[in-house]
Amino acid sequence: MKHLGSSAVLVMTIVGVLVVVALVFSTGLGAVGRYLGLSGITWSFEMVSILFLWTTAIGAVLSEVAGENVSIDGNTSTSGRSRWFRIYHNFILLSVAAAFLWSGTAMLGRTGFVPTPVMRVPSWAVQSIIVFMGATLAVIATARIVSAFRERAQ
């Protein structure tokens with residue numbers, strides 16, 4: 001199970017790096033296009049906004065896996081905390097993930113196929129970010145909760 005988790009983190013890291021590279025390329029292309037007065041490159045700015053959101057989502061998930069995500073001091077799950085505190089922290093994370101999943105699927109159901117203004121791609125390319133974050137954070141929280149309960153059994 002641990003090997004599967006580390007493989008998933010590696011794949012997500014590689015995808016994150018590719019998204020950042022595409023983000024830098026799209027930003028540069030848009031800047032050059034604007035500087036040279038090229039009119040056909042306006043799509044790059046919309047692409048930058050989509051890629052920025054995906055970069056943020058992937059980064060947030062990878063940060064949570066590494067235990068380095070931004071958090072309130074009273075609610076961190078650092079090592080040395082009691083098992084019950086870690087369970088509490090991850091139930092909060094699970095409730096946030098459930099809110100993301102509920103909200104994201106509701107939004108996808110209503111407007112998922114509305115095209116974006118410039119590139120005309122379906123809005124689910126942007127809105128699925130919320131479902132992605134909810135699902136991955138739910139998996140992380142659930143795995144941590146199961147691990148904390150197994151800790152007691154051993």
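Leaving aside its neighbours within four places in sequence, which residues is I140 in contact with?

## Surroundings of I140

In this predicted model, I140 is in contact with V61, E64, V65 and L93 once neighbours within four places in sequence are left aside, contact meaning heavy atoms within 4.5 Å. I140 lies in helix α4 and is buried, at 12% relative accessibility (buried is under 20% relative accessible area, exposed over 50% and partly exposed in between, with a 1.4 Å probe and protein chains only).

## The salt bridge

One salt bridge is found in a search of the whole structure, defined as a side-chain nitrogen of Lys or Arg within 4 Å of a carboxyl oxygen of Asp or Glu. R144 pairs in this way with E64, the closest N and O atoms being 2.6 Å apart, and the pair links distant parts of the chain, with R144 in helix α4 (residues 124-153) and E64 in helix α2, 80 residues apart. R144 is partly exposed at 23% relative accessibility, whereas E64 is buried at 9%.

## Packing of α1 and α2

The axes of helix α1 (residues 2-36) and helix α2 (residues 43-66) come within 8 Å and cross at roughly 155°, which makes α1 roughly antiparallel to α2 (the cut-off for this term being over 145 degrees). The helices are DSSP runs of H or I with at least four residues.

## Basis of the values

Residues are numbered from 1 along each chain as its sequence is written, and side-chain values use heavy atoms, without hydrogens or water. Local features need pLDDT of at least 70 and side-chain atom pairs count only at pLDDT 80 or more, while totals for chains, interfaces and linings use all residues.

Conventions
Axes fitted to C-alpha atoms, helices over the stretch in contact; angles between N-to-C directions. Helix = DSSP H or I, 4+ residues; strand = E, 2+ residues; numbered from the N terminus. Parallel < 35°, antiparallel > 145°, perpendicular 65-115°, else oblique.
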